[in-house]
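This briefing is meant for a reader who is meeting the structure for the first time. Please look over the sequence and the model before turning to the points that follow.

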Amino acid sequence: MRGYGPNPPDPKWPNNARVAVQFVLNYEEGGENCVLHGDSASEAFLSDIPGASQWAGQRHWNMESIYEYGARAGFWRIHRLFTRANIPLTIYGVTTALARSPEQLEAMKAAGWEIASHGLKWVEHKDMSEEEERALIAEAVRLHTEVVGERPRGWYTGRCSENTVRLVAEEGGFDYISDTYDDDLPYWLSISGRDQLIIPYTLEANDMRFATAPGWTDGNDFANYLINAFDELYLEGKTDTPKMMTVGLHCRLIGRPGKLAALRRFIEHIQSHENVWCPRRIDIAEHWKALHPPGKTVQSSTMDRDEFVSVYGGIFEHSPWIAERAHDLELGPAHDCASGMHNAMCRMFRTANEQERLGVLTAHPDLAGKLAQAGRLTSESTSEQASAGLDMLTDEERETFTRLNNSYVEKHGFPFIIAVRDHDKASIMKAFHRRIDNDRETEFTEACRQVERIAYYRLKDLLP
């Protein structure tokens, strides 16, 4: 759920592009559910037939003819538009559909379009066993290589299962996988010990919404949406960080004249702007791999208990029990950063009983006290006190701190605690004088807040 957080990387698109606009054409015609293909029922997904449903054991002549329109007419209309605009496409090719469309395949290759895999057949995968889906992935790669002349380097199933991304990554031969919709930029995902590049796809800037609800019935709605999305991303690319925009297309949908007119408007709009890159998906993958290779990040959420406590047991002074309890929470990638880990550990501190929290407070050393003078502070406390100049006090300053420390502990029962990285020597002294007269309940609450603040800084030293 964290992704890149508040600071996404600069993708450094070629020629300082403010946005990368990537067009995908899903070639599914001939790979859909059909009893002629050995399927148990007809197709019902993404057509101009309202409320279509599968017909068990029967051919659906109307559905078949709509898919056939995509291959016979829609593809060629789209081919003319993009070749004349000099914009290359990525084809998500259902392998059995490609095998049934040699003339269209030849045109894709002649245009220099990328032909990625869209699976063996355009069918649901959600109820497949791992073994069945793994076998279909392998067969898709084999048949794609046979039909196209080279193996696919990109993959998108679409009608996927919960296992799809992992199984495709485990196949090991894909430069990218696109079965996610979770970001505006590519990212690396560690799967089964392998760094797999993910290039998120789209279901919103997608002509499929001509065939789904809520969706579009007028091409102008589609064009306006695409233009609005592009304009916003183009602005972000100027004022913030450049992003990626994907546009998803289908031969039998956008290939109709009234819908294609909207796509033409959008293409003319983006081509009227400077610093726009229109790559294939494989071009994005190669660019990202070269400029943003996978980094070695701390994955706290996957550590076993002993390693976790070894790394984080000292975040709250001499209180490893907080790390032990935090490890038992539902930790995930969102916690593999300072804010995430701080939240998890503070939850355990806040829900501890008062005696346990008092133990954390009393574990903290006096500021510039005897432990500091004797060099017996933890390395974290030593560094923190030094950052505020508390390791270089005059005799008079040290005497004042000692007197205030003694008075504070006698009144409240725990040492004066303050996140010294927020202060200098003068402001610490000022806070000391201000807080020493608080009642114990007020000061207990403030001390706990300061403990959490100290923990945050310590975590920032370890995590992004």
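Predicted model: local features only at pLDDT ≥ 70, side-chain atom pairs only at ≥ 80, totals over all residues.

The second largest cavity has a volume of about 50 Å³, and the structure holds three cavities of 30 Å³ or more.

- The residues that line the second largest cavity are Gly 119, Leu 120, His 125, Glu 133, Leu 136, Ile 137, Trp 155 and Thr 157.
- Helix α4 gives the most to the lining of this cavity, with three residues, and by class the lining divides into four nonpolar residues, three polar and one charged.

**Pockets**

- The largest pocket holds about 1,300 Å³ of space, and among the 32 residues that line it, Gly 3, Tyr 187, Trp 188, Leu 189 and Thr 297 lie nearest its centre.
- Strands β6 (187–191) and β7 (194–198) each supply at least two residues of the lining of the largest pocket, and the largest share, four residues, comes from β6.
- Sorted by class, the lining of the largest pocket has 14 nonpolar, eleven polar and seven charged residues.
- The second largest pocket holds about 280 Å³ of space and is lined by 16 residues, of which Gly 30, Glu 32, Glu 64, Tyr 67 and Glu 68 lie nearest its centre.
- Helix α1 gives the most to the lining of the second largest pocket, with six residues, while the classes in that lining come to five nonpolar, five polar and six charged.

**Helix α3**

- In helix α3, which covers residues 102–110, the buried residues include Gln 104, Leu 105, Ala 107 and Met 108. These residues cover an arc of only 160° around the axis, which puts them on the same side of α3.
- The face of α3 turned away from its buried side carries the exposed residues Pro 102, Glu 103, Glu 106 and Ala 110.
- The partners against which the buried residues of α3 pack are the strands β1 (19–27), β2 (90–93) and β3 (114–117), together with the helices α1 (61–85), α2 (95–99) and α4 (130–148).
- Just after α3, Gly 112 takes a positive phi of about 80°.

**Helix α12**

- Helix α12 runs over residues 338–350, and at 1.5 Å a residue its 13 residues should span 18 Å, which agrees with the 18 Å that separates its end C-alpha atoms.
- Buried residues of α12 are Ala 338, Gly 340, Met 341, His 342, Ala 344, Met 345, Cys 346, Met 348 and Phe 349.

**Tyr 408**

- Tyr 408 has its place in helix α16, residues 395–412, and because its relative accessible area is 0%, Tyr 408 counts as buried.
- Leaving aside its neighbours within four places in sequence, Tyr 408 is in contact with Gly 413, Phe 414, Pro 415, Phe 416, Phe 432, Arg 435, Ile 436 and Glu 443.
- From Tyr 408 to Met 341, the separation is 67 residues in sequence and 31 Å in space, taken C-alpha to C-alpha.

Technical notes:
Residues numbered from 1 in each chain as written. Heavy atoms only, no water. Buried < 20%, exposed > 50% of the residue type's maximum accessible area, 1.4 Å probe, protein only. Arc of directions from axis to C-beta. Contact = heavy atoms within 4.5 Å. Expected span 1.5 Å × (residues − 1). 1 Å grid on protein atoms, 1.4 Å probe; cavity = no way out; pocket = protein on both sides within 12 Å on 5 of 7 lines; lining within 4 Å. Points joined across faces, edges and corners; volume = space filled by probe spheres on them. Nonpolar A, V, L, I, M, F, W, Y, C, P; charged D, E, K, R; others polar.
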